[in-house]
Amino acid sequence: MVLIPARPSTSSFYMDRFEVTNAQYRKFVRATGHREPSYWYDDDYNQPNQPVVGVSWHDAVAVTSQLGL
C-alpha cells in the first residue's frame, strides 16, 4: 500500500501498489461468490489483462485480502 497525500479536495488515502487484473478478480469471484463489478460485461473494460474497474472500496479490500496483496 502507498499513501496518497491529501489534496485540497480530498483526504489522504492508501492505494495498492499493484493493479488487480480482471483475470485475478474473476478467480476471486468464483472462489468467494463476491459480486461482479459494474463493468464486468463491457468489452471495453473486461479483457483478462486489464485492471478491474467498477469496484467499491469494500470490494478492493476483500479481493486484496483474499489474494494476499
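1. Let's start with a term: a residue is buried with under 20% relative accessible area, exposed with over 50%, and partly exposed in between (1.4 Å probe, protein chains only). Across the protein, buried residues make up 19% of the 69 residues.

2. A word on what you're looking at. This is a predicted model, where local features need pLDDT of at least 70, side-chain atom pairs count only at pLDDT 80 or more, and totals for chains, interfaces and linings use all residues. Residues are numbered from 1 along each chain as its sequence is written, and side-chain values use heavy atoms, with hydrogens and water left out.

3. Now the overall layout. The protein has two helices and two strands, and reading along the sequence gives the pattern β-β-α-α. Here helices (H or I, at least four residues) and strands (E, at least two) are DSSP runs, numbered from the N terminus. The C-alpha trace spans about 35 × 25 × 20 Å along its principal axes.

4. How many salt bridges does the count come to? The count is one, where a salt bridge means a side-chain nitrogen of Lys or Arg within 4 Å of a carboxyl oxygen of Asp or Glu. The side chains of D59 and R35 form that contact, at 2.6 Å from N to O. D59 belongs to helix α2 and R35 to the loop between α1 (22–32) and α2, so the pair links distant parts of the chain, 24 residues apart. D59 is buried because its relative accessible area is 4%.

5. I4 sits in strand β1 (residues 2–4), while M15 has its place in strand β2. These two residues are 11 apart in sequence, and their C-alpha atoms are 6.9 Å apart in space. I4 counts as partly exposed because its relative accessibility is 24%. M15 is partly exposed too, because its relative accessible area is 44%.

6. Look at the surface as well. Which residues form a nonpolar patch there? They are M1, L3 and Y14, with about 360 Å² of accessible area together. Patches are built from residues with over 30% relative accessible area and no salt bridge, joining like charges within 9 Å and nonpolar side chains (Val, Leu, Ile, Met, Phe, Trp, Tyr) within 5 Å. The areas come from the Shrake-Rupley method with a 1.4 Å probe, and for residues only the protein chains shown count as cover. Y14 lies in strand β2 (residues 13–15), and Y14 counts as exposed because its relative accessibility is 53%.

7. Then there's the largest pocket, with a volume of about 480 Å³. Of the 18 residues that line the largest pocket, the closest to its centre are M15, D16, A60, V61 and T64. The elements giving two or more residues to this lining are β2 and α2 (57–67), and α2 provides the largest share, five residues. On a 1 Å grid over the protein atoms alone, a pocket is an open set of points where a 1.4 Å probe fits, with protein on both sides within 12 Å along at least five of seven lines, and lining residues have an atom within 4 Å of a point. The volume is the space filled by probe spheres set on the points.

8. What is the lining of the largest pocket like by class? It has 13 nonpolar, three polar and two charged residues. Ala, Val, Leu, Ile, Met, Phe, Trp, Tyr, Cys and Pro count as nonpolar, Asp, Glu, Lys and Arg as charged, and the others, Gly among them, as polar. D16 is found in the loop between β2 and α1, and D16 counts as partly exposed because its relative accessibility is 24%. D16 and V61 are 45 residues apart in sequence and 9.6 Å apart in space, C-alpha to C-alpha.

9. A31 lies in helix α1 and counts as exposed because its relative accessibility is 60%. A31 and Q66 are 35 residues apart along the chain, with 9.5 Å between their C-alpha atoms.
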